[in-house]
Amino acid sequence: MRQVFDERNRDLIVNVGGKLTHRDRAAVSPFDSAVQGGDAVWEGLRLYGGKIFRLDEHLARLRASARALAFRHVPSDQEITEEIRRTLAANGMRDGVHIRLTLTRGVKVTSGMDPRLNQAGPTLIVLAEWKDPVYDAAGITLVTASVRRPAPDCLDPKIHHNNLLPSILAKIEANVAGADDAVVLDHRGFIAETNATHIFMVSGGTLAVRRRPHHRRRPARPADQAADRHVRRSHRHDGHASRLSRG
Ligand SMILES: Cc1ncc(COP(=O)(O)O)c(C=O)c1O
């Protein structure tokens, strides 16, 4: 198993709904939609040298996912960024950090799946941990999972939601086979991704990538380009590719 408990994370301060609390005392309500139905969206962010890699793009995808699920009262990018900043400051974090950013539909007045039962929310959870790159830069072993990514008219894979059971089932198959991870095919049998990362392919000197996600494309700003250069340099240092940092 590549990921183990990291002592540096023993006394983490986590942020649930704006409340900063020690990890052992942090609480999500049993009435929260994430508990009731995995009714939440999320992003995995990396912090390098005090900067979050592609924060704008991650927040745009979080918002697109939340919109696709008809969440109401989604906090602004500025509000989310401020909660991330508070969490990083509370932990004295600048580098080598992974942030699991979760936005749930919020707290329900009674258990049930109807979104109209959500009369408070959404709930924003910022979990920032010290975490080294997860994969071995020398390569990983993969098996092909029997579970498939659902078709867009079953559950649109562009929605980055918390219903992770297909990925977890694929990971169980990888574990049983003694592989690091699993390749997951789509419903037609084409490669979709692994249980936890995208797959890029080098073919005849060309890097083939999947199509861009559905959120609006905007031209890179000089600040982004500088951040990208910085991240590429950091990766040359530790020998890991950003796409292999697990979200
Ligand atoms: C199944 C899957 N694919 C891909 C990714 C990588 O996502 P990102 O687009 O943030 O690199 C993740 C993690 O977030 C994932 O769980």
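Two strands count as paired if DSSP finds at least two bridges between them. Helices (H or I, at least four residues) and strands (E, at least two) are DSSP runs, numbered from the N terminus.

The model is predicted: local features need pLDDT of at least 70 and side-chain atom pairs count only at pLDDT 80 or more, while totals for chains, interfaces and linings use all residues. Residue numbers start from 1 along each chain as its sequence is written.

**Whole chain.** Show the protein chain as a cartoon; five helices and 13 strands are present. Of its 247 residues, 24% count as buried. A residue is buried if 20 or more other C-beta atoms lie within 10 Å of its own, exposed if 12 or fewer, and partly exposed in between, with C-beta atoms placed from the backbone. Two residues are in contact if their C-beta atoms, placed from the backbone, lie within 7 Å. Among the contacts with a separation of 6 or more, 68% join residues 24 or more positions apart.

**The sheet.** Next, select the open sheet of six strands, ordered S2-S1-S8-S5-S3-S4, with antiparallel pairing. S2 (19–22) and S4 stand at the edges with a single partner strand each, so one side of each has no neighbour in the sheet.

**Strand S3.** Select residues 40–48. Seven of the nine residues of S3 are buried, so the strand is largely enclosed by the rest of the structure. With S5 (residues 97–104), S3 forms an antiparallel pair over eight bridges; Gly-44 stands opposite Arg-100 of S5. With S4 (residues 51–52), S3 pairs in the antiparallel sense over two bridges, and Tyr-48 has Lys-51 as its bridge partner. Two residues lie between the strands in this hairpin, where Gly-49 takes a positive phi near 50°.

**Helix H2.** H2 lies across S3, S4 and S5, and runs at about 175° to S3. Axes are lines fitted to C-alpha atoms, for helices over the stretch in contact, and angles run from 0 to 180 degrees between N-to-C directions.

**Helix H3.** Move to residues 77–91. H3 lies across S1 (13–16), S2, S3, S5 and S8 (123–130), at about 35° to S8. The end C-alpha atoms of H3 are 21 Å apart, which agrees with the 21 Å that its 15 residues should span at 1.5 Å a residue; the expected span is 1.5 Å times one less than the number of residues.

Colour the helix by burial. Ile-80, Ile-84, Thr-87, Leu-88 and Asn-91 are buried in H3. Viewed down the axis of H3, the buried residues fall within an arc of 95°, so they line one face; the arc is that of the directions from the helix axis to the C-beta atoms. They pack against S1, S2, S3, H2, S5 and S8. On the face turned away from the buried side are the exposed residues Gln-78, Glu-79, Arg-85 and Ala-89. Gly-92 follows H3 and has a positive phi, near 60°.

**Thr-123.** Finish at Thr-123 in strand S8. Thr-123 is buried, with 21 other C-beta atoms within 10 Å. Not counting residues up to four places away in sequence, Thr-123 touches Val-16, Gly-17, Val-28, Asp-32, Thr-104, Gly-106 and Val-107. Draw a distance to Gly-17: the two C-alpha atoms are separated by 5.2 Å, although the residues are 106 apart along the chain.
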